[in-house]
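I opened the model and kept short notes on what I looked up. The entries follow the order in which I worked.

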Amino acid sequence: MSAATDQRPTDRPTAVPVDEGTRRLVRDFLLLEAELLDDRRFRDWLDLLAPDINYRMPVRVTRTKGGSAEFSSDSYHFIENRQRLGLRVERLETGAAWAEEPPSRTRHFVSNIRVSVGASAGEVQAKSNLLLYRTRGNAPTHDLLSAERHDLLRLGEDGWKLARRTILLDQATVTTHNLSVFL
Amino acid sequence: MQQLAAEEAGEVLVAAARANFRDGLLPAKIFNDPALHAMELERVFGRAWIFLAHETEIPKPGDYVLRNIAEDEFIVVRDAGGTVRVLFNSCRHHGMKVCTASMGNTAYFTCPYHGWAYKNTGELSAVPHEKEIYGEGELDRKTAGLLPAPRSESFRGWIFASLDQNAPSLLEYLGDFTWYLDFYTNKSPAGLEVIGVPQRWIVHANWKLGSANFIGDGYHTSTTHLSTVKIGVIVGPAHFLLDGAQVTAGAGGLGFRKMAADAGAGRGYPEHIIARFDAAHREIWKRGYFPGHGTIFPNLSFLSAASVEARDKPPVPYFTLRVWQPIAPDAIEVWSWCLIEKDASEPVKRASYESYVLSFGSSGLLEQDDTENWTSITSAAGSRLSRNQQLNYRMGTKLLKPMPDWPGPGEAYSMDYTEANERAFYDMWLRYMERRS
């Protein structure tokens, strides 16, 4: 298997911007999503996901060329479908998920939202920057994860759903002791 | 003066550990002490064989990856002739790192400082303006190649190195443990390959906790990993490792899960795989023992297990290797690989990788809780009272005797809820710290 690819999965050569109304709705969607995650309303968060969601965080590797060549096409910190994301949420509800007992305090800062038309009707692509602040217990320190997210959103009968997310972390070595949180 | 005092403090702690260890106890302080850490870098990581890479990570001439033995960074490269070289990443002129990418392919490593270029064999190849600037005898090219690791050897494609020129051979070091590695490496004539690249992440924990957990802590699973049994990712009961087995042999140890009697020889492996193993290996499978977690001293751990994604789907097996790279008394960088038989189909490889990510690695549902334990222990161990607090490693000393009829080498016990392997690990650690090994 090849170690890396030169393609970012959701990149398109030319991004066609969407109308202002759609842009606002997508922005509201991403901000609502961040609120649900920070409020630990994970069941409600799952409701925002399309049944065929593809949720990935590729491993980043330091390479001479840099840029998109840094992302592995074979290795991931997350490589999730709806079923496995559901398991991750179900685990948090067992009372025995020690990584989140007591829970992490997170704050998802979402910015630099760029929305463009998708490949199919009713689909849009959204790029956003994410800064995730995380603390546990009474530790005086915090973890910060910075990433760009490439999302595909789809408009269905019950509103917008997240159909694809690729999380492009700005680190080769992840500086939090576990990824028991969602990005 | 300060360094001497620190070394003395380290020696006092090692002596206290040895004294208490005779009674099955260890001072908590060994998991977070700067003086002890400095000693470990010299006496353990300066002498033992350390895993660096798998040969399938560098299949073609010129392929390289950057890897560490604690603070020492090495370029692990397949040279133009196909030989694997382990080269210290530091220019022989003024010490700059000649390789800055974590992986790639190159014929030359060129120092960004003054432009000295080295072939991928390590040989010094070009020095800008050499004739104009160096007089006779000032620069001997023959001895100015990149420093090779004092020792480097491979076993079944697993590349190890040692900083100790006088280390025993890798095979001698691994000893009888190679017999147990067969369970993991010998299932296919094609051998194993690494899927992609390793995940890397920082855990504020002492490196020994990862090694000891994987070599022989079957006991923690029913509490630490209870959530994964509850949601069905692990096939229960929660105490699934209670009646397993634990074996110490050579430089390593491993734990077995006891499968239901109807799991069959080789736990459902097809006949062509079972046929690759000798009678003794097959006898272990026949008794229902499935080889799972293990560690090779000091910091290479591995696990063969399976995750269940949905109750109506079969468990999907995966195999992971991981290195607990010490970066501070209270911090490790975890490097975690997923490997699979090279001749497996692409869909099988993909499914296995997804199963691995669900359970282990940076986001793994089991590993999440392991790192929680180790950071907590390390934090408590940084205190003053941790010098006086003796932790209990006695489990199994009274109740278990080695199984007399175990088909493989080493010492085997009929439960995975014992600390026999952890005691073997800490005994080896003490021998290195006392310079007796």
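**Conventions.** I worked on a predicted model, where local features need pLDDT of at least 70, side-chain atom pairs count only at pLDDT 80 or more, and totals for chains, interfaces and linings use all residues. Residues are numbered from 1 along each chain as its sequence is written, while chains are lettered from A and ligands numbered from 1 in the order in which they are written.

**Chain A, overall.** I found three helices and six strands in chain A; these are DSSP runs, helices being H or I of at least four residues and strands E of at least two, numbered from the N terminus. The order from the N terminus is α-α-β-β-α-β-β-β-β. I then looked up the radius of gyration, taken over C-alpha atoms. It is 17 Å for chain A, close to the 16 Å from the globule rule for 183 residues, so chain A is as compact as a globular protein of that length. The rule is 2.2 Å times the number of residues to the power 0.38. The C-alpha trace of chain A spans about 45 × 45 × 30 Å along its principal axes.

I checked burial next: 36% of the 183 residues in chain A are buried (20 or more other C-beta atoms within 10 Å of the residue's own, with C-beta atoms placed from the backbone).

**Interface.** I listed 33 residues of chain A in contact with 36 residues of chain B, contact meaning that C-beta atoms, placed from the backbone, lie within 7 Å. On the chain A side, S2(A) (71-80) and H3(A) (82-92) each supply at least two residues. S2(A) gives the largest share, seven residues.

**Chain B, S4 and S5.** I noted five bridges between S4(B) (residues 72-78) and S5(B) (residues 84-88), which run antiparallel; two strands pair if DSSP finds at least two bridges between them. B:Ile75 has B:Leu87 in S5(B) as its bridge partner. The hairpin has five residues between these strands, and B:Gly82 takes a positive phi near 95° there. Four of the five residues of S5(B) are buried, so this strand is largely enclosed by the rest of the structure.

**Chain B, a second sheet entry.** I traced an open sheet of three strands in the order S2-S11-S10 of chain B, paired antiparallel. Its edge strands are S2(B) (50-54) and S10(B) (151-155), each pairing on one side only. S10(B) and S11(B) (residues 158-162) pair over five bridges. B:Arg151 stands opposite B:Ser162 in S11(B).

Technical notes
Buried ≥ 20, exposed ≤ 12 C-beta atoms within 10 Å, placed from the backbone. Contact = placed C-beta atoms within 7 Å.
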